Amino acid sequence: MFENIGEIVLLFWRTLLALPLVWRQRQKVFEQFFEIGNASLLMVCILSFFIGGVLALQTGPLLTEKSLGSYLGGIVGYSICRELAPIMMSILIAGRIGSAMAAEIGSMRVYQEIDALRTMNINPIHYLVLPRLVAMAFALPMLVIVAILVGWFGGAVVAEGNNHIGLSFQAFYFSLRQFVESKDVANGIFKTFCFALIIAVVSCHQGLMTIGGPRGIGRSVTKAVVNSIVLIVIFDYVLTRVLMLFNK
Amino acid sequence: MNASAPNPYGVSVQVRGLRKSFDGQEVLKGIDLEVRPGEIFVIMGPSGSGKSVLLKHIIGLDPPDDGEILINGESIQTPEIASKYRLALVFQSGALLNSLTVGENVGLYLTEHRLKSPEEISKIVSEKLEAVGLKDVADKMPNELSGGMKKRVAIARALVIEPQLILYDEPTSELDPLSAVVIGEEILKLKNEIHVTSIVVSHDRELAFGVADRIAVINDGRIVTIGTPDEVKKTSDPLVQRFLNADFKRDPPKPKAYEKFT
Ligand SMILES: Nc1ncnc2c1ncn2[C@@H]1O[C@H](COP(=O)(O)OP(=O)(O)O)[C@@H](O)[C@H]1O
Ligand SMILES: [Mg+2]
């Protein structure tokens with residue numbers, strides 16, 4: 001995958017240069033946006049509810065035993081908004097939407113639809129990549145906001161319901177508000193925004209590069225998802241490290 | 001004629017020493033040809049001889065390994081050329097966008113370049129669809145159409161551009177004889193009305209000799225012969241003769257031994 005990094009960066013740059021045209025493509029941006037939301041909102045809710053729940057379940061009893069139970073809301077809240085929601089949802093969306101983007105653009109490539117666009121003097125970057133990138137850049141952070149809230153809720157439900165923890169709803173949220181600041185949430189959202197760009201650019205690039213019939217499309221889809229996830233995890237570390245410098 | 005067309009006349013096309021290889025296999029082995037403005041130029045040749053690849057080069061989709069293609073004397077590889085001349089290619093497979101309706105496909109050029117209002121576009125779309133013999137298909141999806149219908153929609157989509165050069169890749173290969181005649185007449189009509197330059201790739205001998213001003217026969221990446229239909233018919237080249245006169249025999253030839261007794 002790394003031999004293509006140059007091309008991926010170039011595609012990203014060209015798409016950025018096309019940003020002023022986004023208003024003309026707003027219809028397609030909205031279509032993509034709703035498609036992303038429609039396809040993943042329920043999954044995002046289920047996934048983040050249980051992530052919050054299991055986090056409370058794993059840490060809650062231990063903390064309660066050491067009579068640190070009142071920290072539970074803070075620990076669950078902090079790790080969800082800074083790390084778990086951004087990365088888990090981005091991986092989910094890479095699998096759910098990145099794959100679809102690679103498949104759709106890949107089949108357009110293989111069946112010469114992209115050549116047809118070019119003969120009509122329609123730039124495939126403006127027509128295909130730009131709307132997907134912009135829609136993803138908005139949709140994924142919004143999904144992660146939902147995921148953070150639902151994840152907190154999941155943690156609170158388990159904290160109250162599990163009889164080894166028995167921390168009330170109010171106590172959970174009180175603890176959460178003591179530890180989690182809005183800049184922690186902003187931090188998570190910023191990382192998500194970067195992951196959204198990675199997913200869209202990597203998947204569109206992989207789609208545009210597709211060669212060789214239906215098999216090629218399959219290969220592109222796999223590569224798009226795997227490469228997105230690898231890059232997300234690497235960037236997660238790098239971004240976290242960089243954001244630390246700003247937080248001092 | 002439409003007011004938006006700045007230059008209603010066809011362009012000239014020159015192909016010089018064009019070579020192209022894919023993975024070490026040379027597909028085009030030095031093609032030279034010249035198409036005059038407003039001419040209908042037919043390219044014939046067996047499958048796999050490089051006709052589709054040649055068309056893709058002429059319209060600038062593929063960069064040549066060697067040689068050049070000039071449109072009105074300017075290289076097709078210069079970036080401004082696409083906005084300067086209106087060129088269209090009707091793909092062998094149609095290459096309609098599967099996510100759009102037939103009508104949206106046909107009107108795509110106008111919509112994306114914002115050349116007309118939506119009402120005007122839908123009027124032009126049904127006009128052009130009718131010109132290729134299609135009615136009431138604008139709201140269908142491409143995958144609801146037969147191969148021949150897709151090809152005709154692709155032609156309509158090319159007509160909407162009001163091109164100065166139009167390339168057809170086997171326009172009649174999936175059509176019934178009646179529709180093929182409609183397409184042939186449309187090709188002639190475009191030449192006579194707006195003097196578009198046409199390059200038609202086809203094995204369809206009736207279409208070729210019916211519409212061509214000049215014909216080139218290509219084999220194995222090289223041009224074998226080039227000339228007016230009459231000249232090509234009279235060529236002594238055995239391959240051209242075989243290609244033009246190929247006909248299957250209903251009665252298998254009698255075995256040699258049989259002749260002795262008759
Ligand atoms: N993109 C490509 N990659 C590799 N080989 C190709 C490509 N396009 C065409 N070819 C090869 O070039 C030759 C000519 O193809 P083509 O021009 O499609 O033939 P035809 O004259 O039937 O239209 C074929 O052998 C084909 O396999
Ligand atoms: Mg062909």
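This note sets out, point by point, the main features of a predicted model.

1. Overall make-up of chain A. Chain A contains eight helices and zero strands. Along the sequence its elements follow the pattern α-α-α-α-α-α-α-α. The C-alpha trace of chain A spans about 70 × 35 × 35 Å along its principal axes.

2. Burial and contacts in chain A. Of the 248 residues in chain A, 49% are buried. When contacts between residues at least 6 apart in sequence are considered, 85% of those in chain A join residues at least 24 apart. The chain exposes about 12100 Å², and carbon and sulfur atoms supply 69% of that surface.

3. Charges in chain A. There are 18 positive and 13 negative side chains in chain A. The centres of these two sets lie 5 Å apart.

4. Overall make-up of chain B. Chain B has 10 helices and 10 strands. Its radius of gyration is 20 Å, close to the 18 Å that the globule rule gives for 262 residues, so chain B is as compact as a globular protein of that length. Taken along the principal axes, its C-alpha atoms fill a box of roughly 80 × 40 × 35 Å.

5. Buried residues account for 50% of the 262 residues of chain B. Among its contacts with a separation of 6 or more, 67% are between residues 24 or more positions apart. The accessible surface of chain B is about 13000 Å², with 50% belonging to carbon and sulfur atoms. Chain B carries 32 positive and 38 negative side chains, and the centres of the two sets lie 5 Å apart.

6. Helix H3 of chain B. H3(B) is mostly covered, with nine of its 11 residues buried. Among them are Val102(B), Gly103(B), Asn105(B), Tyr109(B) and Glu112(B). The buried residues of H3(B) pack against elements of both chains: helix H2 (26-65), helix H4 (113-119) and helix H5 (124-161) of chain A, and helix H4 (118-131) and helix H5 (147-160) of chain B. After H3(B) comes Arg114(B), which has a positive phi near 50°.

7. Ala208(B) and its surroundings. Ala208(B) is placed in helix H7 (residues 205-211) of chain B. Its relative accessibility is 0%, so Ala208(B) counts as buried. Neighbours within four places in sequence aside, Ala208(B) is in contact with Val42(B), Met44(B) and Ile215(B). Val42(B) is 166 residues from Ala208(B) along the chain, yet the C-alpha atoms of the two are separated by 6.1 Å.

How values were computed:
Residues are numbered from 1 along each chain as its sequence is written. Chains are lettered from A and ligands numbered from 1 in the order in which they are written. Side-chain values use heavy atoms; hydrogens and water are left out. Helices (H or I, at least four residues) and strands (E, at least two) are DSSP runs, numbered from the N terminus. The radius of gyration is taken over C-alpha atoms; the globule rule is 2.2 Å times the number of residues to the power 0.38. Buried means under 20% relative accessible area, exposed over 50%, partly exposed in between (1.4 Å probe, protein chains only). Contact means heavy atoms within 4.5 Å. Accessible areas come from the Shrake-Rupley method with a 1.4 Å probe; for residues, only the protein chains shown count as cover. Lys and Arg count as positive and Asp and Glu as negative; His and the chain ends are not counted. The place of a charge is taken as NZ of Lys, CZ of Arg, CG of Asp or CD of Glu.
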